[in-house]
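Trainee: I am new to this one and would like to learn how its descriptions are reached. Could we go through it together?
Mentor: Gladly; let us bring it up and take your questions in turn.
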Amino acid sequence: MIVCVCNNVSEGKIHQAVDAGLTSMAELRAQLGVGTCCGKCHSCAKHVLRECLNNASQTHQNARPIMFHASMAAA
């Protein structure tokens, strides 16, 4: 779905931006131009950003730590 019509920014682009490390609306504005023209997309973009950040944090919480055996660590 297109979130920002003025700058042709889709949900997918926001997901990619979050995956690349963006965490705020200010960063989305700077990198993708979200909300820099008419501003009607701001609330939707903010919602998509929060969803992405929540999903990313849940993914990290569910990740299991990697355990190494002493014999593997020496290799």
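Trainee: Leaving aside neighbours within four places in sequence, which residues is Ile14 in contact with?
Mentor: This is a predicted model, and in it Ile14 is in contact with Val3, Val9, Leu28, Leu32, Ala45, Val48, Leu49 and Cys52. For Leu32, which is 18 residues apart from Ile14 along the chain, the two C-alpha atoms are separated by 8.3 Å.

Trainee: What makes Ile14 count as buried?
Mentor: The cut-off for buried is under 20% relative accessible area. Ile14 has 0% relative accessibility, so Ile14 counts as buried.

Trainee: And why is Ser10 called buried?
Mentor: The same cut-off of under 20% applies. Ser10 has a relative accessible area of 19%, so Ser10 is buried. Ser10 is found in strand E2, residues 9-10, and touches Met1, Ile2 and Val3, not counting residues up to four places away in sequence.

Trainee: How much of the chain counts as buried?
Mentor: Of its 75 residues, 23% count as buried. As for the surface, the chain exposes about 5500 Å², and carbon and sulfur atoms supply 54% of that area.

Trainee: How do you know which side of H1 is the buried side?
Mentor: Start with the buried residues of H1, which are Ile14, Ala17 and Val18. They cover an arc of only 100 degrees around the axis, and therefore lie on the same side of H1. The face turned away from that buried side carries the exposed residues Gln16 and Asp19. Helix H1 itself spans residues 11-19, and just after H1, Gly21 takes a positive phi of about 115 degrees.

Trainee: Which residues touch the most other members of the largest nonpolar core?
Mentor: That core has 15 residues, and Val3, Ile14, Met25, Leu28, Val34 and Ala45 touch the most other members. Strand E1 (2-4), H1, helix H2 (25-32) and helix H3 (42-62) each give two or more residues to this core. H3 gives the most, with 4 residues.

Trainee: What does Val34 touch?
Mentor: Not counting residues up to four places away in sequence, Val34 touches Cys4, Asn7, Val9, Met25, Leu28, Arg29, Cys41 and Ala45.

Trainee: Two cysteines are on that list, Cys4 and Cys41. How many disulfides does the count come to?
Mentor: The count comes to 0 disulfides. Cys4 is in no disulfide, and the nearest cysteine sulfur, that of Cys41, is 3.8 Å away.

Trainee: To finish, in what order do the elements run from the N terminus on?
Mentor: They run β-β-α-α-α-α, and the chain has 4 helices and 2 strands. Among contacts in the chain with a separation of 6 or more, residues 24 or more positions apart account for 52%.

Terms used. Residues are numbered from 1 along each chain as its sequence is written. This is a predicted model: local features need pLDDT of at least 70, side-chain atom pairs count only at pLDDT 80 or more; totals for chains, interfaces and linings use all residues. Side-chain values use heavy atoms; hydrogens and water are left out. Buried means under 20% relative accessible area, exposed over 50%, partly exposed in between (1.4 Å probe, protein chains only). Contact means heavy atoms within 4.5 Å. A disulfide is a pair of cysteine sulfur atoms within 2.5 Å. A nonpolar core is a set of buried Ala, Val, Leu, Ile, Met, Phe, Trp, Tyr and Cys residues joined through side-chain atoms within 4.5 Å. Accessible areas come from the Shrake-Rupley method with a 1.4 Å probe; for residues, only the protein chains shown count as cover. The arc is that of the directions from the helix axis to the C-beta atoms.
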